[in-house]
Amino acid sequence: MSDVTVTHADMRALDYCNRGARQWFARHGLDWATFISAGLPAAQLLATGDAMAQAVVDVARRRAAQQEQTDGRQP
């Protein structure tokens with residue numbers, strides 16, 4: 001599977017709060033506004049080396065895999 005775009009919905013699936021996430025994004029120099037509007041590449045989050053980033057990327061990859069399965073079953 002190619003790398004995925006991590007979205008706000010992926011973050012919320014882990015019950016990460018916006019306030020804490022905004023602080024985390026600022027601490028790591030990541031663009032919160034872009035993340036909210038379009039998501040960010042998984043690689044950009046993983047580059048932080050943070051376990052929370054790994055967790056949200058895992059959620060995004062599972063979501064993408066499920067979507068690929070669903071898309072493959074459509075007539």
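A polar contact here is a pair of N or O atoms within 3.5 Å, where one must be able to donate a hydrogen and the other to accept it. Keep that cut-off in mind for the first close-up, and bear in mind throughout that this is a predicted model.

**Figure 1. Asp10 makes polar contacts with Thr7 and Arg63.**
Asp10 sits in helix H1, which covers residues 8–13. Its side chain reaches the backbone nitrogen of Thr7 at 2.8 Å, which is a polar contact because the cut-off is 3.5 Å. The side chain of Asp10 also meets the side chain of Arg63, in a polar contact of 2.7 Å. Is Asp10 buried or exposed? Asp10 counts as buried, because its relative accessibility is 2% and the limit for buried is under 20%. Setting aside residues up to four places away in sequence, Asp10 touches Thr5, Val56, Val59, Ala60 and Arg63.

**Figure 2. Trp24, Phe25, Trp32 and Phe35 come together as one aromatic cluster.**
Searching the whole structure turns up four aromatic pairs. One of them is Trp24 with Phe25, an edge-to-face pair with 5.5 Å from centre to centre and 65 degrees between the planes. Both of these residues are buried. For Trp32 and Phe35, the ring centres are 5.7 Å apart and the planes sit at 40 degrees, so this pair is tilted. Helix H3 spans residues 32–38, and Trp32 and Phe35 are three residues apart in it, so about one helical turn separates them. Trp32 is buried at a relative accessible area of 16%, and Phe35 is buried too, at 2%.

**Figure 3. Helix H2 has a buried side and an exposed side.**
Look at helix H2, residues 18–27, and you'll find Ala21, Trp24 and Phe25 buried. Viewed down the axis of H2, the buried residues fall within an arc of 100 degrees, so they line one face of the helix. Which exposed residues does H2 carry on the face turned away from its buried side? They are Arg19, Ala26 and Arg27. After H2 comes Gly29, with a positive phi near 70 degrees.

**Figure 4. Phe25 is part of the largest nonpolar core.**
This core has 18 residues, and those with the most contacts inside it are Val6, Met11, Phe25, Phe35 and Leu45. Two or more residues come from each of H2, H3, H4 and helix H5 (51–73). Which element gives the most to this core? That would be H5, with five residues. As for Phe25, its contacts beyond four places in sequence are Leu30, Asp31, Trp32, Phe35, Leu40 and Leu45.

**Figure 5. Ala43 and Leu46 are two partly exposed residues of helix H4.**
Helix H4 runs over residues 42–46, and Ala43 is in it. With 45% relative accessibility, Ala43 counts as partly exposed. Val4 is 39 residues away from Ala43 in sequence, yet the two C-alpha atoms are 8.4 Å apart in space. Leu46 also lies in H4, and is partly exposed with a relative accessible area of 27%. What does Leu46 contact once its neighbours within four places in sequence are left aside? The list is Ala53, Gln54, Val57 and Arg61. Ala65 is 19 residues from Leu46 along the chain, and 18 Å separates their C-alpha atoms.

**Figure 6. Five helices and two strands make up the secondary structure of the chain.**
Here is the setting for the close-ups. Going along the sequence, the pattern reads β-α-α-α-β-α-α. The C-alpha trace spans about 45 × 20 × 20 Å along its principal axes. Of the 75 residues in the chain, 28% are buried. Take the contacts with a separation of 6 or more: residues 24 or more positions apart account for 60% of them. The accessible surface of the chain is about 4,800 Å², and carbon and sulfur atoms hold 51% of that.

Terms used
Residues numbered from 1 in each chain as written. Predicted model: local features only at pLDDT ≥ 70, side-chain atom pairs only at ≥ 80, totals over all residues. Heavy atoms only, no water. Phe/Tyr/Trp six-rings, centres within 6.5 Å; stacked < 30°, edge-to-face > 60°. Buried < 20%, exposed > 50% of the residue type's maximum accessible area, 1.4 Å probe, protein only. Helix = DSSP H or I, 4+ residues; strand = E, 2+ residues; numbered from the N terminus. Arc of directions from axis to C-beta. Contact = heavy atoms within 4.5 Å. Core = buried A, V, L, I, M, F, W, Y, C linked by side-chain atoms within 4.5 Å. Areas by Shrake-Rupley, 256 points an atom, 1.4 Å probe, with all protein chains shown as cover.
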